[in-house]
Amino acid sequence: MIPIIPYLCGMEWNGKRYHAAKEPGLKLVLDAGFSCPGRCTFCDNAAFHPSYSTPSKSITQQLEEGIAFHAARGRTGGPYLAYFQSFSNTFAPLGRLREVYAEALAHPAVSGLVIGTRPDCVDAEKLDYIASLGCARMEYGIESCRDETLRRVQRGHGFACAEQAVRETAARGIPVCGHFILGLPGETRETLLEDVSRINALPLDSVKFHQLQLLKGTPMAGEFAARPEDFVRWTLDGYIDLLVDILERLRPGIAVGRLAASVPPRFLAVPGWGVKAAEFSRLLDARMVGRDTWQGRKA
Ligand code: SF4
């Protein structure tokens, strides 16, 4: 009898044992000068900016410099996505959103928008407009499925708000991605694994996970210094095992856009693992093969 090997029977996506999201273009990161209704205790936006992305430049100039940034690294030809990444990119009146999105879409090389924002910064009118563009995708910072955690990091909204935003976005046919941070204070391996069922219940097309990075000068870095026992700090090896456990529980229909993050070391209050993205990906793939598992095996 020939054994049935699930990996060879369709449990592979883009050469991975998890449903790796396939980006429809190169992202050009933009800072349109938006802000946020409040500051989360873990956040320092400066840690995530490429050098060309600053609100003192027009959207068009940032796009041009973003294209040059990619070209200098051998990535040319597009298609390109205008990625409104910094702060909350729907936190402004609709008229202002129309202006900035229209400027990005007027660039001949740009084929779509990716709009990063908070769940409490959208409403029906904004979502109707974004849906009408027909080429925009939303990325919501959800960060945690637990209200207690969201309160503790001063997020300013609860999980129900995220659920509603994701549902209203998906209902309009807009592709929607959710970001989650693994390792916020008070959360453990057990709570994170439990919460995958809440993620699965959302109509998300994709997710991004990353480990908590403690950034210099943030209130959370101070909180960690004062109460380290409230934080689970994973080794690289332990984090990879956590990810595999999460992926096993994650609905196969949800694509995975990111599994770890790394900011430049000068921003870190606590040193990171110092591993490059390609090596991280190789280690994760090897662990999934080693554990003979795949995304959704336990969903
Ligand atoms: S909503 Fe996002 S950008 Fe704004 S403070 Fe929180 S983490 Fe930072």
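Predicted model: local features only at pLDDT ≥ 70, side-chain atom pairs only at ≥ 80, totals over all residues.
## Starting at Leu94

Leu94 sits in helix α2.

Which residues does Leu94 touch once its neighbours within four places in sequence are set aside? They are Glu125, Lys126 and Tyr129. Ser51 is another matter: 43 residues separate Ser51 from Leu94 along the chain, and their C-alpha atoms are 28 Å apart.

## How α2 meets α3

Helix α2 covers residues 94-106 and helix α3 covers residues 124-133; their axes come within 10 Å and cross at roughly 20 degrees. Why call the pair roughly parallel? The crossing angle is under 35 degrees, so α2 and α3 count as roughly parallel to each other. Their crossing is right-handed.

On the α2 side, the contact is made by Leu94, Leu97, Arg98 and Tyr101, and on the α3 side by Glu125, Lys126, Tyr129 and Leu133. Sorted by type, the residues of this contact are five nonpolar and three charged, with no polar ones.

## How α1 meets α2

Helix α2 also packs with α1. The axes of α1 and α2 come within 9 Å, crossing at roughly 40 degrees. As for handedness, α1 passes α2 in a right-handed crossing.

Ile59, Thr60 and Leu63 supply the α1 side of the contact, while Val100, Glu103 and Ala104 supply the α2 side. By type, that contact between α1 and α2 splits into four nonpolar residues, one polar and one charged.

## How α6 meets α8

Now for another pair of helices. Helix α6 spans residues 189-200, and its axis comes within 9 Å of the axis of α8, with a crossing of roughly 20 degrees. With an angle under 35 degrees, α6 and α8 are therefore roughly parallel to each other. The crossing of α6 and α8 is right-handed.

Which residues make this contact? From α6 come Arg189, Leu192, Leu193 and Val196, and from α8 come Leu242, Asp245, Ile246 and Arg249. The contact of α6 with α8 holds five nonpolar residues, three charged and no polar.

In soluble globular proteins, nonpolar side chains tend to be buried together. In this model, the largest nonpolar core has 74 residues, and the members touching the most others are Leu28, Leu30, Ala82, Ala104, Leu113 and Leu243. Which helix gives this core its largest share? That is helix α8 (residues 236-249), with six residues.

Leu243, with neighbours within four places in sequence left out, is in contact with Phe209, Leu259 and Leu284. Ala104 also turns up in the contact of α1 with α2, on the α2 side.

Most residues other than glycine have a negative phi, and most peptide bonds are trans. A few spots here go the other way. Gly78 and Pro79 are joined by a cis peptide bond, with omega about 0 degrees. Pro79 is in the loop between α1 (59-72) and β2 (80-84).

Glu143 is not a glycine, yet its phi is positive, at about 70 degrees. Glu143 belongs to strand β4 (residues 136-143), and counts as buried because 24 C-beta neighbours lie inside 10 Å, against a cut-off of 20 or more. Gln154, likewise not a glycine, has a positive phi of about 60 degrees. Gln154 lies in the loop between α4 (147-152) and α5 (159-171), and is partly exposed, with 14 other C-beta atoms within 10 Å.

## Around Ser144

Ser144 is in the loop between β4 and α4. Buried or exposed? Ser144 counts as buried, with 25 C-beta neighbours inside 10 Å.

Leaving out neighbours within four places in sequence, the contacts of Ser144 are Thr149, Leu150, Ile181, Leu184 and Glu187. Ser144 and Arg155 are 11 residues apart in sequence, with 9.8 Å between their C-alpha atoms.

Conventions:
Residues numbered from 1 in each chain as written. Axes fitted to C-alpha atoms, helices over the stretch in contact; angles between N-to-C directions. Helix = DSSP H or I, 4+ residues; strand = E, 2+ residues; numbered from the N terminus. Parallel < 35°, antiparallel > 145°, perpendicular 65-115°, else oblique. Left-handed = near helix turned anticlockwise from the far one by under 90°. Contact = placed C-beta atoms within 7 Å. Nonpolar A, V, L, I, M, F, W, Y, C, P; charged D, E, K, R; others polar. Core = buried A, V, L, I, M, F, W, Y, C linked by C-beta atoms within 7 Å. Buried ≥ 20, exposed ≤ 12 C-beta atoms within 10 Å, placed from the backbone.
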